[in-house]
2 protein chains.
Amino acid sequence: MTNRELTEQIRKKRSFLCIGLDTDLDKIPGHLKQEEDPLFSFNKAIIDATHEYCVAYKPNIAFYEAYGLAGWKALEKTIEYLNEHHPDIFTIADAKRGDIGNTATRYAKAFFEQLNFDSVTVAPYMGRDSVEPFLQFPGKHAILLALTSNQGAFDFQTTAYEGKALYERVLETASAYEHSERLMYVVGATKAEYLQDIRKIVPGSFLLVPGVGAQGGSLQEVCKYGMTEEVGLLVNSTRAIIYASEGTDFAEAAAAKAKELRDQMAKELL
Amino acid sequence: MTNRELTEQIRKKRSFLCIGLDTDLDKIPGHLKQEEDPLFSFNKAIIDATHEYCVAYKPNIAFYEAYGLAGWKALEKTIEYLNEHHPDIFTIADAKRGDIGNTATRYAKAFFEQLNFDSVTVAPYMGRDSVEPFLQFPGKHAILLALTSNQGAFDFQTTAYEGKALYERVLETASAYEHSERLMYVVGATKAEYLQDIRKIVPGSFLLVPGVGAQGGSLQEVCKYGMTEEVGLLVNSTRAIIYASEGTDFAEAAAAKAKELRDQMAKELL
């Protein structure tokens with residue numbers, strides 16, 4: 001999916017909501033645990049209930065790997081279901097991979113070809129030859145960690161480096177990588193005040209913004225400082241939506257919460 | 001496995017060799033492709049032929065994920081085989097994971113509990129709360145990327161930050177994390193000259209050193225600058241060993257190459 005197609009979907013749905021699928025057997029409603037594949041059953045119900053309010057889904061790969069083969073199978077079924085029933089929805093493998101040359105190519109093939117995701121999150125620490133292999137696939141995107149929403153971001157990302165923070169250096173350096181037009185960046189909503197400076201470095205790139213809601217980030221601030229003429233934002237929400245209810249009404253509760261966020265986003269798009 | 005037990009194995013085998021299992025269907029001998037599980041058949045043959053010359057195996061997780069369910073199954077069988085037949089050998093899931101809190105815990109459980117690896121490689125970019133979850137498991141280790149062997153390492157890792165390179169800052173900061181005694185660090189052999197300074201920051205930690213051989217690093221230099229009284233080194237070799245021959249003699253060729261490296265290491269241990 002190209003940036004332009006993604007923007008079209010955002011305009012059409014009046015939403016730039018991404019829903020995280022951090023599907024956890026300990027948190028899904030009890031009645032689902034009788035199903036043959038509880039992880040997929042939960043995801044399918046969430047997708048069926050929320051797809052009209054969002055433009056992207058982001059399975060967090062760790063949650064599937066934690067269940068071994070059964071988890072991987074549930075992930076495969078989830079992405080197949082999305083690609084078959086909702087091909088207009090952008091898909092993000094939240095994997096935060098980062099490794100050199102031929103290994104990066106393996107990861108890219110795993111997520112882009114084997115699983116047919118539209119994008120994968122990538123860590124920048126190993127530099128150019130760990131990122132560029134993800135940028136060789138037309139219509140596919142690498143979403144590079146820049147400034148994350150967690151406390152540990154202050155350990156290294158914001159530390160000054162020749163007068164610039166490391167995350168600024170990451171944005172600048174990566175912008176010069178081959179096919180950087182296929183790059184998006186992760187910027188946490190908890191650090192919305194940084195978005196003004198970030199937009200000076202990557203004025204047109206899509207930003208994937210976690211941390212609105214449970215982590216305390218403000219949607220209004222993110223839009224004020226981060227939105228571009230082509231929108232340029234995917235704002236992620238996970239727990240507030242997928243775990244809105246622990247009962248048999250979990251899907252309806254998720255839909256209500258997703259609609260609420262979509263309605264807030266629609267106002268920002270006016 | 002504790003550091004002390006690992007050192008004992010090194011002394012016993014006169015080797016600090018780690019063999020990378022970057023098992024690639026395009027590179028394994030043709031006759032294995034008729035097997036039901038070619039990836040596992042290759043790994044088993046390599047392990048059977050080389051285990052007396054090495055103290056660690058390091059499957060590169062990307063290579064298994066690239067084959068989806070079949071790959072994950074082969075990875076499971078490989079680690080089960082190692083734990084059953086060679087419980088004294090240290091196992092490394094080369095996954096380079098890095099994500100926050102509960103996600104990091106998921107990855108840790110996937111590799112330490114689900115698959116029962118002794119260690120997993122971890123990326124530092126997201127800071128403390130992305131690393132400490134891996135340090136909560138007695139007898140298990142996180143191996144943090146510090147200074148990697150690839151060209152892209154110069155993009156960010158070696159750049160000066162308040163007078164110190166980022167990789168030095170990573171070593172210093174991580175040394176203060178809770179249970180940092182369970183940390184090891186990746187330092188590429190192609191940058192052996194940095195080892196002298198690295199040993200000032202982490203004098204006692206085990207270092208996992210890739211890049212000897214195919215990538216041009218020197219074993220002698222690595223030992224000169226990086227070896228401690230408890231050895232403190234795991235030197236990895238992958239392609240030179242596992243792809244030493246493309247024919248039906250691949251396992252014997254791998255054994256010969258592993259023995260050659262072991263013999264070089266034995267001299268350094270004198």
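Tutor: Angles over 145 degrees between N-to-C directions count as roughly antiparallel. The model discussed here is a predicted one.

Student: Why are α4(A) and α4(B) called roughly antiparallel to each other?

Tutor: The axes of helix α4 (residues 68-85) of chain A and helix α4 (residues 68-85) of chain B cross at roughly 170°. The limit for the term is over 145 degrees, and α4(A) and α4(B) are therefore roughly antiparallel. Their axes also come within 10 Å.

Student: Which residues make the contact of the two helices?

Tutor: From α4(A) come G68(A), L69(A), W72(A), K73(A) and E76(A); from α4(B) come G68(B), L69(B), W72(B), K73(B) and E76(B). By class, these residues comprise four nonpolar, two polar and four charged.

Student: What makes K96(A) a buried residue?

Tutor: Buried means under 20% relative accessible area. K96(A) has a relative accessible area of 8%, and is therefore buried. The residue is located in strand β3 (residues 90-97) of chain A, and the UniProt annotation "active site", from an unreviewed entry, covers K96(A).

Student: With which residues is K96(A) in contact, leaving aside neighbours within four places in sequence?

Tutor: In chain A, K96(A) is in contact with T121(A), V122(A), A123(A) and L145(A). In chain B, the partners are K96(B), G98(B), D99(B) and M126(B).

Student: What makes the pairing of the side chains of K96(A) and D94(A) a polar contact?

Tutor: A polar contact requires a pair of N or O atoms within 3.5 Å, one able to donate a hydrogen and the other to accept it. The side chains of K96(A) and D94(A) make such a contact at 2.9 Å.

Student: Is K96(B) buried or exposed?

Tutor: K96(B), in strand β3 (residues 90-97) of chain B, has a relative accessible area of 8% and is therefore buried. K96(B) also has a positive phi of about 50°, although it is not a glycine.

Student: Why does R14(A) count as partly exposed?

Tutor: Partly exposed lies between buried, under 20%, and exposed, over 50%. R14(A) has 29% relative accessibility and therefore counts as partly exposed. R14(A) lies in the loop between α1 (3-13) and β1 (17-21) of chain A. Its phi is positive, about 55°, although R14(A) is not a glycine.

Student: How do you know that helix α8 (residues 166-175) of chain A is largely enclosed by the rest of the structure?

Tutor: Seven of the 10 residues of α8(A) are buried, so the helix is largely enclosed. The buried residues are L166(A), Y167(A), E168(A), V170(A), L171(A), T173(A) and A174(A).

Key
Residues are numbered from 1 along each chain as its sequence is written. Chains are lettered from A and ligands numbered from 1 in the order in which they are written. This is a predicted model: local features need pLDDT of at least 70, side-chain atom pairs count only at pLDDT 80 or more; totals for chains, interfaces and linings use all residues. Side-chain values use heavy atoms; hydrogens and water are left out. Axes are lines fitted to C-alpha atoms, for helices over the stretch in contact, and angles run from 0 to 180 degrees between N-to-C directions. Helices (H or I, at least four residues) and strands (E, at least two) are DSSP runs, numbered from the N terminus. Angles under 35 degrees count as roughly parallel, over 145 as roughly antiparallel, 65 to 115 as roughly perpendicular and the rest as oblique. Contact means heavy atoms within 4.5 Å. Ala, Val, Leu, Ile, Met, Phe, Trp, Tyr, Cys and Pro count as nonpolar, Asp, Glu, Lys and Arg as charged, and the others, Gly among them, as polar. UniProt positions are given in the numbering used here, feature names are shortened, and annotations may be inferred rather than shown by experiment. Buried means under 20% relative accessible area, exposed over 50%, partly exposed in between (1.4 Å probe, protein chains only).
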